[in-house]
Amino acid sequence: EKGGYPSFMEKEINDQPAAVGDTLLGRADANGRLMLDEVRIDPELLKSVDKIIVLACGTSAYAGQVAKYAIEHWCRIPTEVELSHEFRYRDPIVDGNTLVVSISQSGETMDTLMAVRYAREQGAKTVAICNTNGSTIPRESDAVLYTHAGPEIAVASTKAFLAQITAAYLLGLYLAQLRGLKFQGEIRDILSDLGAIPKKIQAILDNADQIKKLAREMADTKSVLFLGRHVGFPVAMEGALKLKELAYIHAEGFAAGELKHGPIALIEEGQPVFVVVPSPRGRHSLHSKVVSNIQEIRARGAKTIVIAEEGDEAVRAYAEHVFYIPETPTLLAPLLATVPLQMFACELATAKGYDVDQPRNLAKSVTVE
Ligand code: F6R
């Protein structure tokens with residue numbers, strides 16, 4: 001049932017075009033009008049939402065962090081993302097105008113379940129983004145938006161992550177549509193960009209050799225840093241988490257803008273650093289800022305490994321290795337940029353002889369605190 005792959009992890013990484021494609025399936029009409037019938041919350045109520053809180057743990061929380069950029073941009077609703085276990089034990093401000101969006105692959109994560117229960121008690125409306133039919137969190141929520149990634153067997157999450165981002169984006173666009181903030185044409189265009197993602201993921205998967213080779217060469221590495229900015233920041237965090245979980249290598253993700261505020265002190269000769277570079281076509285000139293970051297760390301001896309958009313020649317001069325991902329709008333780039341990082345961690349762990357499906361000390365669903 002591994003579909004010819006040596007591990008579930010590899011299979012699931014390769015399932016990602018379908019995971020995203022299936023999550024998009026049947027959710028809009030031909031005019032790009034979203035029909036999220038599953039979100040059975042009174043549209044009038046959804047229109048009055050004045051705050052969104054996304055609750056999740058681990059990789060699912062990184063999906064939430066990615067979604068925050070898109071939801072705030074499209075809906076203009078202040079959106080917080082909080083780890084469920086932190087949310088539970090402070091005194092969060094939640095009321096009837098708060099929409100709580102939980103994200104959980106398993107639908108059984110105890111901390112997220114408890115956080116959702118608490119939010120409901122405070123009168124919030126709750127939507128679950130979940131990959132497991134009939135699991136506890138969706139049953140205890142007002143509505144559910146299922147990710148259609150299919151069963152995820154490997155303990156470390158891959159395809160569920162991309163499906164979660166996709167589903168959260170659908171929810172964001174749906175809220176924007178309800179609130180009349182986006183012209184329908186714009187939503188249709190974003191949906192069509194999303195529809196193009198599976199093929200682009202496939203292109204990355206078809207070109208896996210270069211990153212896998214690098215992973216094998218780096219099997220003895222002791223520490224790897226990951227830098228990203230904007231939506232690339234949670235991608236960097238996720239890249240680091242995959243490497244910790246699968247290869248038991250010390251890894252940390254940083255917001256590239258934080259470098260000077262501390263992490264740059266870690267850079268010494270030969271320190272590998274992955275940098276997730278924003279598209280040069282994006283707004284805010286973040287591209288040139290991140291390219292400057294690469295120059296800064298390179299000058300201090302870092303081994304720079306860059307994920308950049310096809311056609312971005314500016315990064316070449318400062319990068320030891322460049323992995324190109326297909327062009328896509330900035331907000332959608334995490335659906336592509338994450339894939340080489342997953343492949344890197346999986347291949348490196350395999351080269352070390354580790355069981356990538358069952359990393360030590362980890363369980364697939366964390367049903368205790
Ligand atoms: C990371 C990973 C975990 C889960 C986390 C939440 O690879 O698998 O960090 O993402 O335990 O699990 P769910 O999504 O089932 O609530």
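These legends go with close-up views of a predicted model.

Residues are counted from 1 along each chain as its sequence is written. Because this is a predicted model, local features need pLDDT of at least 70 and side-chain atom pairs count only at pLDDT 80 or more, totals for chains, interfaces and linings use all residues, and side-chain values use heavy atoms, with hydrogens and water left out. The chain averages a pLDDT of 95, with 100% of the residues at 70 or above; pLDDT is the predictor's per-residue confidence, from 0 to 100. The model scores are ipTM 0.98 and pTM 0.97.

**View A. Here is the five-stranded open sheet, in the order β2-β1-β3-β4-β5 with parallel pairing.** Strands (E, at least two residues) and helices (H or I, at least four) are DSSP runs, numbered from the N terminus, and two strands pair if DSSP finds at least two bridges between them. β2 (79-83) and β5 (143-146) sit at the edges with a single partner strand each, so one side of each has no neighbour in the sheet. From one strand to the next, the twist averages 20°. Helix α4 (residues 58-75) packs on this sheet and touches β1 (51-56), β2 and β3, its direction making about 175° with that of β2. Contact here means heavy atoms within 4.5 Å; axes are lines fitted to C-alpha atoms (for helices, over the stretch in contact), and angles run from 0 to 180 degrees between N-to-C directions.

**View B. Strand β9 (residues 303-309) is largely enclosed by the rest of the structure, because six of its seven residues are buried.** Buried means under 20% relative accessible area, exposed over 50%, and partly exposed in between (1.4 Å probe, protein chains only). Five bridges tie β9 to β8 (residues 272-276) in parallel, with Val276 partnering Ile307. On β10 (residues 321-325), which also pairs with β9 in the parallel sense over five bridges, Val322 stands opposite Val306.

**View C. Lys212 and Glu10 meet in a salt bridge at 3.6 Å, N to O.** A salt bridge puts a side-chain nitrogen of Lys or Arg within 4 Å of a carboxyl oxygen of Asp or Glu. Lys212 is in helix α11 (residues 209-217) and Glu10 in helix α1 (residues 8-14), 202 residues apart. Lys212 is partly exposed at 22%, while Glu10 is buried at 13%.

**View D. Arg27 and Glu38 form a salt bridge at 2.5 Å, N to O.** Both lie in the loop between α2 (16-24) and α3 (43-47), so the pair ties together parts eleven residues apart in sequence. Arg27 is buried at 4% relative accessible area; Glu38 is partly exposed at 25%.
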